[in-house]
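Welcome, and please have a look at the model below before reading on.

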Amino acid sequence: MNSKMNRWRSSSFLINKRFNFSRKEVLKYLSKKTIDSAYNKISSWKNYKPTPLLNLNKLNKKLKLGNIFYKDESKRFHLKSFKALGGAYAVEKVSKGKKNITISSATAGNHGRSVAWGAQRLGLKCKIFISQYVSKAREIEIKKFGADVIRVKGDYESSLKECKKLTKKNGWQIVQDVSDKNYKLVPRLTMAGYSIMIKEISNQTNKYITHVFLQAGVGGMAAGSVAGIARYFKRIPKIIVVEPTNAACVLKSIEKGKMTKIKIKKESIMGGMSCNEMSLIPWHILKKATNFCVSIDDNQVANTVGMLASKSFSTNKIIGGECSTPGIISLISLCNNKKLKNILNLDEKSNILIFGCEGDADKDLYKKLLLKSKKLNDN
Ligand SMILES: Cc1ncc(COP(=O)(O)O)c(C=O)c1O
């Protein structure tokens, strides 16, 4: 185990003053029916199988905690990320069996890959828009699913703007995972797809989960998981949302009690989570269901990727990309702070759930992070 781990710290921590979890309220925004239809459909897909729920059976000893469960989404179909559950499912639902339509989407990477796969599965044409910041490796992965990839100058928002413009002009069908007041159906379907992870977990362990760490970009994955918790878990755990320091839009929104756009000073290495504004339905779900928000810097990402691979946390070798690290980093950081550890009631009775959201979805970056972690530990 890395001896420097006891120096890890979170960059901010917030207690949600408006916390008031209500299953009924959560399921008002993502209904039981929507959640159940997603499970019924996706679990019938060829090659569907639940991803492993691993036990970080070395880290729990180090931190003096009960169990630390790690949902390993690197094994999600052949897409290596939980996003496979969202976009592809939404494509199937919105295309309603039609064959002569073109699907479009803007993406930071994994969502577009899922949409492209969903279109390919159904024999539909697909146009995926990416910003100048999306890596070549991610572009190649999307192209493998037969989509045309259009690279747009500027950031994610520029790619979305261009996608919307061309979609309107050409009569394509857009499949976006971000909702606003005029666009709710597809994001809702996407989140319902993500809630499957919780259904699987509820079958994979009979231990009561006491704490869940959910990483957030626009909040879709976190809110979809919270809806799954409301639907499937018998007891509601403490819900902790984790974001990169430079993109803590959920933390800011919860602090202010309203959806708040932030300015990203520097893009986080956790690219899928580098978002400046929440999606609307996730906001409605997370604003009261979240107990705590934590933000973390990028500086332990490489180390954590390396430690997952070198069996430092578990007897299993785990392939976890950059977005698989925030749960572990924040858990360790919180345990290093006695006051926060107490506030969260983190102790030997705790059963913690962490999401390893992606594997080596960006192969080049994964290799770089492994190399960096090796160098850090050689020094
Ligand atoms: C690869 C990846 N993309 C995106 C996200 C963020 O999801 P969302 O934008 O739905 O909050 C995550 C969450 O950790 C992720 O792992």
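Here is a short tour, starting with the ground rules and moving on to the architecture.

## Ground rules

This is a predicted model, in which local features need pLDDT of at least 70, side-chain atom pairs count only at pLDDT 80 or more, and totals for chains, interfaces and linings use all residues. Residues are numbered from 1 along each chain as its sequence is written.

## Two domains

The chain splits into domain 1 (3–81 + 189–378) and domain 2 (87–176), with bounds that come from an automatic or database domain assignment. Taken over C-alpha atoms, the centres of the two domains are separated by 25 Å. Domain 1 brings 17 residues to the contact and domain 2 brings 15 residues, where contact means that C-beta atoms, placed from the backbone, lie within 7 Å.

On the side of domain 1 that touches domain 2, helix H2 (32–42), helix H8 (185–194) and helix H16 (363–378) each supply at least two residues. Helices (H or I, at least four residues) and strands (E, at least two) are DSSP runs, numbered from the N terminus. That side of domain 1 is made up of 6 nonpolar, 5 polar and 6 charged residues. Here Ala, Val, Leu, Ile, Met, Phe, Trp, Tyr, Cys and Pro count as nonpolar, Asp, Glu, Lys and Arg as charged, and the others, Gly among them, as polar.

E7 pairs with strand E4 (residues 102–107) in the parallel sense over 2 bridges, and Ser-104 has Ile-174 in E7 as its bridge partner.

Axes are lines fitted to C-alpha atoms, for helices over the stretch in contact, and angles run from 0 to 180 degrees between N-to-C directions.

## The seven-stranded sheet

A second open sheet, with mixed pairing, runs E1-E10-E9-E8-E11-E3-E2 and has 7 strands. Its edges are strand E1 (12–15) and strand E2 (53–55), each of which pairs on one side only. On average, neighbouring strands of this sheet are turned by 25 degrees against each other, direction ignored.

Inside the order, strand E3 (residues 67–72) and strand E11 (residues 351–356) are joined in the parallel sense over 6 bridges. Tyr-70 has Ile-354 in E11 as its bridge partner.

## Two helix pairs

Helix H4 (residues 87–95) packs against H5 at an angle of about 45 degrees, with the axes 7 Å apart. H4 and H5 are therefore oblique to each other; angles under 35 degrees count as roughly parallel, over 145 as roughly antiparallel, 65 to 115 as roughly perpendicular and the rest as oblique. Residues making the contact include Val-91 and Glu-92 of H4 and Trp-117 and Arg-121 of H5. By class, the contact of H4 with H5 has 6 nonpolar, 5 polar and 2 charged residues.

Helix H9 (residues 196–204) and helix H10 (residues 220–232) pack at about 40 degrees, with their axes 7 Å apart. That angle makes H9 oblique to H10. Met-197, Ile-198, Lys-199 and Ser-202 of H9 meet Ser-225, Gly-228, Ile-229 and Tyr-232 of H10, a contact of 4 nonpolar, 3 polar and 1 charged residues.

Note on methods. Pairing = 2+ DSSP bridges. Contact = placed C-beta atoms within 7 Å.
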